[in-house]
Amino acid sequence: MSASNPAAPASPVRSLLARINLQQYVVYVGFLAIFLFFAVMLRDSGFLTQRNLVNIILQTAPATIMAIGLVFVLSAGDIDLSFGSTVAVSALCAAMAMAAMPDVVLPVGILAGLGAGLLVGAINGVLIAWLRLPSFLVTLATMGLVAGIGRSLTQLRSIPVTDPLFTGIFGSGSLFGVPSLVIWTVVAVAIGHVVYRQTRFGAHVLATGDNARAAQVTGIKVSRIRLWVFMISGGLAGLAGLLYAGRLQAAKYTLGETDLMTVIAAVIVGGTLLNGGKGSVIGALVGSLLMGMLNNGLILMGLSVSDQMIVRGLIILVAVAVSLREKTR
């Protein structure tokens, strides 16, 4: 009986690929592939013009802000479905406060908008962290509750936002030629990334999502972490409401209605796990830009609304299926 031959050594390329987790780069590869596809297919339709590319960034700014908050929530092992409704209520509260107190428009508008978002986040956090209710059901309920409040606040009417200082800071203004919405996006992403990756709080969020019981044993105040991540999500949804109101120069109950699927898809495609313990603020930014670019490109291609939904859904399904194929922990 002959001795078996020893296994052939793996090639350097295969060894390198084995050490690299390709799934974490799905969003970047997908972004580049979709960009190149639209650049070729829409080269005569204005896709690559500076105006169109900047417009994509401006349109995705509120969604990117919301995505940062969702990264923290998902990383802690929970989910927030109420941020879309919170956007509308925050914008409406800001617009109503500014209309009621025209002498102190800016501070009143900011406090009302951010305060509404933080309040919704705090309610979610208390119900989930201290009453130990499932985050899916709690935020599903508050999503409907807040949406109803938004509709009843103004009897389905929009409220104009005309203060030039407010709209300049949160919408149409610029600083040294850089649009204010771009500045808000960069600042929020930078702060979110540093807090998520470089602080003890960020490490505690990841530990909570990875194994809440083990985190509790090591001294991490899991309930407090959960409260804080929902307040972060609510506060950033409030900021997104201010950005919507500033850019559109009006607040309406429909703001944020279509952002739920887009933001969740951007965060998941960007490398954040639904079951917690892993996430990426930078990945969420790229995922949000990818979704915005996809919407923009499909519109420029002249696809009908139904065709856009089909193509968008297929691309999201493929990207999410690839990015979520994680090893069992």
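**Pockets, salt bridges and backbone features**

Two or more lining residues are given by each of the helices α3 (50–75), α11 (222–248), α12 (259–269) and α13 (281–300). When the lining of this pocket is sorted by class, ten residues are nonpolar, eleven are polar and three are charged. The model described here is a predicted one.

Around it stand 15 lining residues, with Ile191, Ile232, Gly235, Leu236 and Leu239 nearest the centre. The elements that contribute two or more residues to this lining are α3, α5 (105–129), α8 (180–198) and α11. The largest share, six residues, is supplied by α8. The lining of the second largest pocket consists of 13 nonpolar and two polar residues, with no charged residue.

Leucine 239, one of the residues nearest the centre of the second largest pocket, belongs to helix α11. Its relative accessibility is 10%, so leucine 239 counts as buried, the limit being under 20%. Leucine 239 also illustrates how the fold brings together residues that are separated along the chain: valine 87 is 152 residues away in sequence, yet the C-alpha atoms of the two residues are 7.9 Å apart in space.

Two salt bridges are found in a search of the whole structure. In one of them, the side chains of aspartate 78 and arginine 226 meet with an N to O distance of 3.2 Å. Aspartate 78 is located in the loop between α3 and α4 (83–100), whereas arginine 226 is part of helix α11; the pair therefore ties together parts that are 148 residues apart in sequence. Aspartate 78 is buried, because its relative accessible area is 7% and the class covers values under 20%.

The other salt bridge joins the side chains of arginine 151 and glutamate 257, at 2.6 Å from N to O. Arginine 151 is in helix α6 (residues 135–153) and glutamate 257 is in the loop between β4 (250–251) and α12, so that parts 106 residues apart in sequence are tied together by this pair. Arginine 151 is partly exposed, with a relative accessible area of 31%, and glutamate 257 is likewise partly exposed, with a value of 44%.

On the surface, Tyr25, Tyr28, Val29 and Ile282 form a nonpolar patch whose accessible area together is about 350 Å². Among these residues, valine 29 is placed in helix α2 (residues 26–41). Valine 29 counts as exposed because its relative accessibility, 55%, is over 50%.

Backbone geometry was also examined. Most residues other than glycine have a negative phi. Phenylalanine 176 is not a glycine, but its phi is positive, at about 55 degrees. This residue lies in the loop between β2 (174–175) and β3 (178–179), and with 81% relative accessibility it counts as exposed. Glutamine 249, also not a glycine, has a positive phi of about 55 degrees. Glutamine 249 is situated in the loop between α11 and β4 and is partly exposed, with a relative accessible area of 41%.

Technical notes
Residues numbered from 1 in each chain as written. Predicted model: local features only at pLDDT ≥ 70, side-chain atom pairs only at ≥ 80, totals over all residues. Heavy atoms only, no water. Helix = DSSP H or I, 4+ residues; strand = E, 2+ residues; numbered from the N terminus. Nonpolar A, V, L, I, M, F, W, Y, C, P; charged D, E, K, R; others polar. 1 Å grid on protein atoms, 1.4 Å probe; cavity = no way out; pocket = protein on both sides within 12 Å on 5 of 7 lines; lining within 4 Å. Patch = residues over 30% accessible without salt bridge, like charges linked within 9 Å, V, L, I, M, F, W, Y side chains within 5 Å. Areas by Shrake-Rupley, 256 points an atom, 1.4 Å probe, with all protein chains shown as cover. Salt bridge = Lys/Arg side-chain N within 4 Å of Asp/Glu carboxyl O. Buried < 20%, exposed > 50% of the residue type's maximum accessible area, 1.4 Å probe, protein only.
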